[in-house]
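The following exercises are meant for a reader who meets this structure for the first time.

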Amino acid sequence: QTIEATSGYYVIFGLQDDLKQIASQLARNESVEYAEFLDDAATIIAATSATQHPAVKGRKLVRESGLDAGSSLLLYTVPFYETRADATNPAARPKGYFRLLLNQKQASAALASLRGWTAAISLGVLALVALFAWSAARLIVRPILALVGTARQIASGDLTQRAEVTSTDEIGS
C-alpha cells in the first residue's frame, strides 16, 4: 500500500531515477527476493536485479496479494491507476505495475526468533510472579503460624505464654 501510494506517481510520470533509488533500497532488504516497476506496456522501468526473476518472468500482470510462487516465495503485484475512480473501474487500464517477490524464509526465521524470545520472557515473568506469590504468602502465613503455636501452648496448659503482637492488622488484633 505504501508503494502504491507513493511510487505509483513515479511510474505514471516515468520518474526512473526515483524508481531506481527505491529499487536499490528494496534490494538491501534480505526478505526481498526481487522487485520491479513496470510501465503500462509491461516494460521494466526499474528493478532490484538486472535479470528478471524466473517466478515473475512471463507472468500475467494482475493484482496479486501474497500468491505462493513456490520455493517459499510470495508474489505481490500492484497495478497503478491515474485516479481512484480508475482503480475501481474494471474497464480502466493500469498506468503501470509494481511486483514484489518476498522470501518467506526470512519471515519464518524472524518468527522462530520471536517465539524463542516470547517463551524466555514468559518463563521469566512466571518465575517472578511465583517468587512474589511465595513471598506474599510467607508474609501472611508466618504471623498466623506463630499465633497458632502460642495458642497450642496455652491449650496444653502453659498459661504463661503470650502472643507477640508485631502488627496492627487483623492478626495483630
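Buried residues (under 20% relative accessible area, with exposed over 50% and partly exposed in between, for a 1.4 Å probe and protein chains only) make up 23% of the 173 residues in the chain. The model is predicted: local features need pLDDT of at least 70, side-chain atom pairs count only at pLDDT 80 or more, and totals for chains, interfaces and linings use all residues. Residues are numbered from 1 along each chain as its sequence is written, and side-chain values use heavy atoms, with hydrogens and water left out.

**Exercise 1. State how many helices and strands the chain has, and give their order.**

Step 1. Helices (H or I, at least four residues) and strands (E, at least two) are DSSP runs, numbered from the N terminus.
Step 2. The chain holds four helices and five strands.
Step 3. Read from the N terminus, the order is α-α-β-β-β-β-α-β-α.

**Exercise 2. Compare the radius of gyration of the chain with that of a compact globule of 173 residues.**

Step 1. The radius is taken over C-alpha atoms, and the globule rule is 2.2 Å times the number of residues to the power 0.38.
Step 2. For a compact globule of 173 residues the value would be near 16 Å, whereas the chain has 34 Å.
Step 3. Along the principal axes, the C-alpha atoms fill a box of roughly 105 × 35 × 30 Å.

**Exercise 3. Determine which residues of helix 1 are buried and where they lie around its axis.**

Step 1. Helix 1 covers residues 2-12, and its buried residues are Ile3, Ser7, Gly8 and Val11.
Step 2. Seen down the axis, these residues fall within an arc of 125°, so they line one face of the helix. The arc is that of the directions from the helix axis to the C-beta atoms.
Step 3. Contact means heavy atoms within 4.5 Å. The partners of the buried residues are helix 2 (16-27), strand 1 (32-39), strand 2 (44-47), strand 4 (73-80) and strand 5 (96-103).
Step 4. Just after helix 1, Gly14 takes a positive phi of about 65°.

**Exercise 4. What phi do Ala42 and Ser71 have, and where are they placed?**

Step 1. Ala42 has a positive phi of about 65° although it is not a glycine. Its place is the loop between strand 1 and strand 2, and at 39% relative accessibility Ala42 counts as partly exposed.
Step 2. Ser71, not a glycine either, has a positive phi of about 55°. Ser71 lies in the loop between strand 3 (64-68) and strand 4 and is exposed, with a relative accessible area of 64%.
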